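Here is a short briefing on one structure. Take a look at the sequence and the fold, then read on.

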Amino acid sequence: MQTAPGTVPSIAGRTPIACINCANAKTGCDKAVPCSRCAEKNLPCEARFARRSGKASMRSASLSGAAPTQRNSRSPTTTNRLAPKEPVPAPAPAPAQTPIMAAGSPLETQPIQGSPQKVQTPVYTMQGLNFGNTPFNTSPGESVRGMDTFMCLNDEDMLSADTSYQDLMMWNQYPSELEMYPNTMTGKIDVPFMEMAGSYSSSDALASASMHTSISIPHTGSTSISSQADFERPFKIVEASGLMSGEPMMPEFEVVIAAEAAWPLARCNRPIFSGACPRTAIVHLENLEQHSRYESTWQLLDSNIDSSDIDYKNQISVVPFSSSTRDRILAITQSFLHTALETHRGGMKAWDKGSPHGNFNFLVLPPSKVLEYFLRSYVRSLAPYYTLINGGSLDPNELMLNNQASTLLLLLMIATGATSVQTSEARCLTAGLTETCRISLFNIIEKDVELSADPVVLRCALLFTILGAWSGDAWHMNIAMGQRGMYLSMLKHAGMLEPSLPMTISTDPSNIELQWRTWQQQESKNRRLVYNWVMVDQELSLFHDTAPILSITELQTPMPGMECLWLAKDSTEWLAALQQTNSATGWLSPNSLEVRPLTPSLCDLFQDMLHDNISRHYDQLSPLQLKLLLHPLQSLLCHLRQVLSCFSDFFGARRGSRTVTKASTMLRLEEVQSLLQKWYELCAVHAKADPTCPVTRANLVLYHLISLNAVTSFPEIERLARREVFDGSSRELGVRYKRCIHQPEEVLIHCGQVIRLVSSMPREGRPHWWSTAIYRAALILWVESLSRTDQNSQRMEKGPMFAIDAVMPDDRSVISYLWNGEGVPVLTKGDRHVELLPDEVLNHCISLLEQGVASRVSDGIKRKLQALSRNWSTPLT
């Protein structure tokens, strides 16, 4: 049925009424899309329809429903989407075989063509469930064209008067029919679940999927699965197989895989940018919303998680939930989720009310013992690296003070712990809670700006930044990186970076309890919180190849005290530890009545390092203090590398009287490298005393990655991997190689140490960035091995083979290779050696990624490395 240009057709027999903007302004509306008033004021125009159906419109709808459905991209037929219907099983024809595109193939998009012929969508069968054609679905080719045109919102043809607005508003590209999804751990069909796509490419995802998208949602313009599982949609079954070793990967949303090209890191393949990136936030929210409709959703987690207590080395225990605490969490989380869904859906919320489950008023969270397991997982994976839990225990009942900020903090802890659980349900909970808490956190600060200086709110911001930056979801990664600067500014404006006077503590036992509580509050607010932000700032800047936001001169507040004081369970234990540490350091006053614990600020400590006074002023630096010292060292190195990248590779005949030269900058770079070597000598003391300390291992990985930045240009390496301005010739490769790697021998040793240290970490409890560390080492080794295949730059290496990922830095073979060039570097894989060849290096690093706990970011890096291997499969000319 053709509709008049510039008007909104009746949907399901409903009569169009004034748009939302005109209704709010109480002005007249011509009911066109966009209407004349919205077009004049450049406002987003959203159509509305009357609740009652007119007789004429119902007759028109019945006539149009009897006619055969014909898809037309210029004037699509309107269909009844507002009235949900029960899914009707399709007849059981023979399952259709559809080709599966290769993983990681380039994203191909085309503009919409005029009047495509209707394509018969094949029926897919899975364990007795059939899904066939519906009037709302398009062929795979049409899906790609529609996606491309939809992202170009300024396309005149797309928004012409001949286009049916309602069809755009309800446009399907990604599936949400979930009952057919088999549980990955049991193979049984469980509750409806949305993790559907396996290990394949973004182009395959776009070519075979279906989604709901609205061009009028104000918050995101998001990609939505619409929360309605009542419509039949074609469902593509793709086996989720491992990349190399055959180990199955976690099934994943196709839209999430398609958005991986928009990550702010790991950009070894052709990137896309935010304007063309699918919005995944609403997908995660509606996924969690659907889980909240079924009481049996979390039974798999309940049955597979051991609720027994786990003995952690850091001795941090988790107190069980009380029934009242869980009820308060449930009530507040429900309001958070509804707020987030309303924010993303905007004016689209009303049309979901016709669903049997629309506007649900209940929320199902995992059982208490599962939530406790997630908190223990949080303690194991995050607490060793970011020390925010005091007293040696995490008590959710005490943390829940019946206010929103405390609930947000607890939910973010649960979401962080769920990232370490390899089930689709846990992954759904993590992504949904992350987006829910992000919106609620922003709303809390907007409603009361004074809360921007609240320590609990800033702790929530810290956990969201960590969780979002390493989520593997492009939406959360980009937002976390963007809001990091805002939260650091809040920290600065709250005065938390300023110096503070040391606290005078009396040893009188009558008031020791009060003094312990006061010390805990000061330590948590002004020290632990600030320097945890410093560590996050350093890590994110390192892996995103940007300069840290905080400067060393701003960090004047004292650094955290001894861990034994922070983890003391009561005031008596705290006082005993305080007297013992102060007696050893000579800080105990002569009359033994007052103790003045004093730690230097990071600025003071770095000044002592520059003046070589650390050995005189400090007996031994703690692993936490050593990690904080990496922040100013990396900042110095980052700025010098940026200056060096501005110098040309070729010197002109007239150099002139330049104040800053490449040689002078290289000299300053060598000074920073000498400071890094001094840092390594300080850290080696801890590494020999406690080789299994997780903080020391992480510190050494960060040290080797920072040292690699001194002898490589990682942004240039990623540009070469993307083949930017590269003609494919061996000559061009030689020129680009010199820009990428400056000292090959030292580069190989640092990469080998990164792999050795990460592989030695326990499978569970690795830092969030471990897979990105493997990625950086893999890409640098790949460029080095790529240069070795060039016959014009063959290296005449001689001597015995030595495994760069199995020897210590002070090994004799390493010293001989660095000083004399003797030895043949290789990698190890079990009992065999891996030569430094491009494909061998990438395959080996992919297998290393499979040895850790699977997460969205590690799975995405596997796909990126596999795509890189295919993109460079053609030999050089």
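Where is the place of Thr-828? Thr-828 sits in strand 12. This is a predicted model, in which local features need pLDDT of at least 70 and side-chain atom pairs count only at pLDDT 80 or more, while totals for chains, interfaces and linings use all residues. Residues are numbered from 1 along each chain as its sequence is written, and side-chain values use heavy atoms, with hydrogens and water left out. Helices (H or I, at least four residues) and strands (E, at least two) are DSSP runs, numbered from the N terminus.

- Thr-828 is partly exposed, with a relative accessible area of 23%. (Buried means under 20% relative accessible area, exposed over 50%, and partly exposed in between, with a 1.4 Å probe and protein chains only.)
- The C-alpha atoms of Thr-828 and Ile-804 are separated by 8.2 Å. Along the chain, these two residues are 24 residues apart.
- Three strands form an open sheet with mixed pairing, in the order 11-12-13. (Two strands pair if DSSP finds at least two bridges between them.)
- Strand 11 (798-803) and strand 13 (832-834) stand at the edges with a single partner strand each, so one side of each has no neighbour in the sheet.
- Neighbouring strands of this sheet are turned by 50 degrees against each other on average, direction ignored. (Axes are lines fitted to C-alpha atoms, for helices over the stretch in contact, and angles run from 0 to 180 degrees between N-to-C directions.)
- Strand 12 (residues 822-829) and strand 13 run antiparallel and are joined by three bridges.
- Lys-829 stands opposite Arg-832 in strand 13.

**The second largest pocket**

- The second largest pocket has a volume of about 930 Å³. (On a 1 Å grid over the protein atoms alone, a pocket is an open set of points with protein on both sides within 12 Å along at least five of seven lines, a cavity is a set of points where a 1.4 Å probe fits but cannot get out, and lining residues have an atom within 4 Å of a point. Grid points are joined across faces, edges and corners, and a volume is the space filled by probe spheres set on the points.)
- This pocket is lined by 32 residues. Gln-677, Tyr-680, Tyr-703, His-704 and Pro-809 lie nearest its centre.
- Helix 23 gives the most, with nine residues.
- By class, the lining has 15 nonpolar, ten polar and seven charged residues. (Ala, Val, Leu, Ile, Met, Phe, Trp, Tyr, Cys and Pro count as nonpolar, Asp, Glu, Lys and Arg as charged, and the others, Gly among them, as polar.)

**The cavities**

- The structure holds eight cavities of 30 Å³ or more.
- The largest cavity has a volume of about 440 Å³.
- Of the 32 residues that line the largest cavity, Thr-419, Ser-420, His-768, Ala-854 and Ser-855 are the closest to its centre.
- Helix 11 (368-381), helix 14 (424-447) and helix 31 (856-871) are the elements that give two or more residues to this lining.
- Helix 14 gives the most, with five residues.
- By class, this lining has twelve nonpolar, 13 polar and seven charged residues.

- Helix 28 (residues 770-788) has 19 residues. Helix 28 reaches 27 Å from its first C-alpha to its last, close to the 27 Å expected at 1.5 Å a residue. (The expected span is 1.5 Å times one less than the number of residues.)
- Helix 28 is mostly covered, with 19 of its 19 residues buried.
- Gln-290 lies in helix 8 (residues 281-291). At 2% relative accessibility, Gln-290 counts as buried.
- Gln-290 and Leu-363 are 73 residues apart along the chain, and their C-alpha atoms are separated by 9.7 Å.

**Backbone in the loops**

- Most residues other than glycine have a negative phi, and most peptide bonds are trans.
- The peptide bond from Val-33 to Pro-34 is cis, with omega near -5 degrees. Pro-34 is found in the loop between helix 1 (20-25) and helix 2 (36-41).
- Asp-545 has a positive phi, near 55 degrees. Asp-545 is found in the loop between helix 17 (512-544) and helix 18 (563-566), and is partly exposed at 26%.
- Arg-723 is not a glycine, yet has a positive phi of about 60 degrees. The place of Arg-723 is in the loop between helix 25 (714-721) and helix 26 (730-740).
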